[in-house]
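Here is a short briefing for a first look. Start with the sequence and structure below, then read the points by topic.

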Amino acid sequence: MKKHFPLFISVEKKKVLVIGAGKVALRRISVLQDFGADITVIAKSVPGDQKERIECLHREGKINLMEREFRPADILTDYFMIIAASDDNDLNRNIVALGREKGILVNSASCREDCDFYFPAIAAKDNIVVGIAGDGSDHRAVADLAAKVRREL
Ligand SMILES: C[C@@]1(CC(=O)O)C2=NC(=C\c3[nH]c(c(CCC(=O)O)c3CC(=O)O)Cc3[nH]c(c(CC(=O)O)c3CCC(=O)O)/C=C3\N/C(=C\2)[C@@H](CCC(=O)O)[C@]3(C)CC(=O)O)/[C@H]1CCC(=O)O
Ligand SMILES: NC(=O)c1ccc[n+]([C@@H]2O[C@H](COP(=O)([O-])OP(=O)(O)OC[C@H]3O[C@@H](n4cnc5c(N)ncnc54)[C@H](O)[C@@H]3O)[C@@H](O)[C@H]2O)c1
């Protein structure tokens, strides 16, 4: 499988659209907001396990939450990055196609082939950021190595 080049890039104040507010979306939202991204979340509903954290981020003005179905018109050209993290694989595929039409970097949580970039596992401390990604074939191995690196840091 294909290996990806790690590009350490600023997302500070850049507009990021996340579709979905479930487990995967929240993991990514948490990382991106730590790095200062300007995040909009569109989700039909916020699942119970993620509700408290997502609503808290929204109340504190750290994300802009729209609790409704995704619409194609949501893909605006000023997004720097789009993360399709709904649990509807067809919708994620559609979002990727719409984003690519507009030249926006896209990532799909449900299909590695649909990703312009992979979302890495992150370990960070002080002035060091470690991003870990595999070739897409073993997510568990990536998560396990990240846990080890976090313990080391
Ligand atoms: C690193 C991490 C970052 C993050 O997600 O934040 C991450 N996956 C993590 C965990 C994880 N992923 C999955 C499970 C559950 C099952 C399992 O154990 O396998 C778990 C465990 C869990 O969720 O706990 C399932 C899964 N993942 C992908 C698919 C679709 C596919 O492969 O096509 C499916 C099948 C979905 C299904 O079956 O429906 C795809 C991708 N997942 C990636 C990243 C990208 C590069 C991966 C790489 O580098 O190899 C890539 C290619 C694209 C992307 O999403 O960017 C994170 C660890 C974070 C940490 O520990 O800090
Ligand atoms: N990449 C990864 O690391 C990884 C890990 C586990 C699962 N997955 C994949 O990621 C996807 C999401 O997983 P999850 O556990 O976060 O799901 P989840 O069920 O917890 O959350 C899904 C979210 O998508 C939203 N949604 C569904 N249809 C929508 C629509 N039409 N418009 C707007 N929002 C909509 C739901 O309201 C919900 O907020 C799954 O399809 C799974 O295949 C990826």
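**Helix α4**

Helix α4 (residues 139-152) has 14 residues, which should span 20 Å at 1.5 Å a residue, and its end C-alpha atoms agree, being 20 Å apart. The expected span is 1.5 Å times one less than the number of residues. Helices (H or I, at least four residues) and strands (E, at least two) are DSSP runs, numbered from the N terminus. The number of buried residues in α4 is zero, so this helix lies largely in the open. Buried means 20 or more other C-beta atoms within 10 Å of a residue's own, with C-beta atoms placed from the backbone.

This is a predicted model: local features need pLDDT of at least 70, side-chain atom pairs count only at pLDDT 80 or more, and totals for chains, interfaces and linings use all residues. Residues are numbered from 1 along each chain as its sequence is written, while chains are lettered from A and ligands numbered from 1 in the order written.

**Ligand 1**

- Around ligand 1 are 21 residues; Phe-119, Ala-121, Gly-134, His-139 and Ala-143 come nearest. Here a residue's C-beta atom, placed from the backbone, lies within 6 Å of the ligand.
- α1 and α4 each give two or more residues to this shell.
- α4 gives the most, with five residues.

**Ligand 2**

- Ligand 2 is surrounded by 24 residues, with Gly-20, Gly-22, Val-24, Ser-86 and Ala-109 the closest.
- α1 (23-34), β2 (38-43) and α3 (89-101) each supply at least two residues of the shell.
- The top contributor is α1, with three residues.

Terms used:
A residue is buried if 20 or more other C-beta atoms lie within 10 Å of its own, exposed if 12 or fewer, and partly exposed in between; C-beta atoms are placed from the backbone.
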